[in-house]
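I opened the notebook today to look at charged side chains and their partners. Here is the model I worked from.

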Amino acid sequence: MVDPLSLSPEVASALTAGDPVVALESTIISHGLPRPRNLEVAREFEDILRKRNVVPATIAVLDGVAHVGLSSEQLDRIANDDTMRKFGYRDLPAAVACGASGATTVSATAQLAAAAGISVFATGGLGGVHRGWTTDQDESADLNVLSRTRITVVCAGVKSILDVPATLQRLETLNVTVAGYHTDEFPGFYLSRSGQPVDWNLDSPERVAQVMRAQTHLTGPETALIVANPVSASEQLDPVLHDEVLAAGLAAAENDGITGQDVTPFLLSYLVEHTEGASLEANLAAVRGNVDLAGRIAAAYAAAS
């Protein structure tokens, strides 16, 4: 059997040399943005890291092989292939065995990055506990994977369409460390603030790297470190507009009988449409900031290792 995990020459060389590498997910390329902007953004994120002398490792599964680090041609394929699927962690064994192709979500990207030896992963917003959990018990697979995967995830919180307080409580139960970056308040993905406090406020990439090293040296479960980095107030979605459109979207979903895993994509699309694209721009601003911070963290961690 062909090795199902393939590191690009650039990523393999950097990891061998102890140089900084940051993992990037690929679903934003395949399913999150319209063409041709999706490919432009994918290359932009990689360029942010390269300018900091950090190697980008965009991750995807192509023809049954999990690629950690993509060539320009592979990025183009992720962006333009209509048959590209979306793979979470649970899909990986079947995707490999069946020779399938798909972009990786947070759960799959985190697992594959950690398996490759990458310590830092940048994304937009995490999945979490869905609204109405007491009835539907719908929870993102992201949380379970992060409870047993040693990786630092730089994000803008969890998607604001979810139950943020319940998600934070669940992360506490799962022993996943959550820290704000220059904030005492958990960010709200499209919004700089969610109204929920965080216990730890880390003030520099070097401090984050110290936490990462402490995780390594302390005995305990192989859990993740979440670094919650808020989008700037000037680039966030207008909070009043956000709340109004989200309330309308939730009502529309209920009226249309949309339930389970279909709720999240429906609400995300509803927000983009009814904010005239402002939610998408806030999302991209958040990811840009997260990619840049992840690069600085990876560099600080590599320098001290």
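Is Asp292 buried, partly exposed or exposed? I found Asp292 partly exposed, at 22% relative accessibility (buried means under 20% relative accessible area, exposed over 50%, partly exposed in between, with a 1.4 Å probe and protein chains only).

A note on the basis: this is a predicted model, where local features need pLDDT of at least 70, side-chain atom pairs count only at pLDDT 80 or more, and totals for chains, interfaces and linings use all residues. Residues are numbered from 1 along each chain as its sequence is written, and side-chain values use heavy atoms, with hydrogens and water left out.

**Entry: the count.** I searched the whole structure and got 11 salt bridges (a side-chain nitrogen of Lys or Arg within 4 Å of a carboxyl oxygen of Asp or Glu).

**Entry: Arg52 and Asp292.** These two form a salt bridge, with the closest N and O atoms 2.6 Å apart. Arg52 sits in the loop between α3 (37-50) and β3 (55-62) and Asp292 in helix α13 (residues 278-304), so the pair ties together parts 240 residues apart in sequence (helices are DSSP runs of H or I, at least four residues, and strands runs of E, at least two, numbered from the N terminus). Arg52 is partly exposed too, at 39%.

**Entry: Arg77 and its partners.** I looked up Arg77 and found a salt bridge to Asp63 at 3.0 Å, N to O. Asp63 lies in the loop between β3 and β4 (65-68) and Arg77 in helix α4 (residues 72-80), 14 residues apart. Arg77 also meets Asp81 in a salt bridge, at 3.8 Å. Relative accessible area is 28% for Arg77, 48% for Asp63 and 22% for Asp81.

**Entry: a network.** I also noted that salt bridges link Glu10, Glu46 and Arg50.
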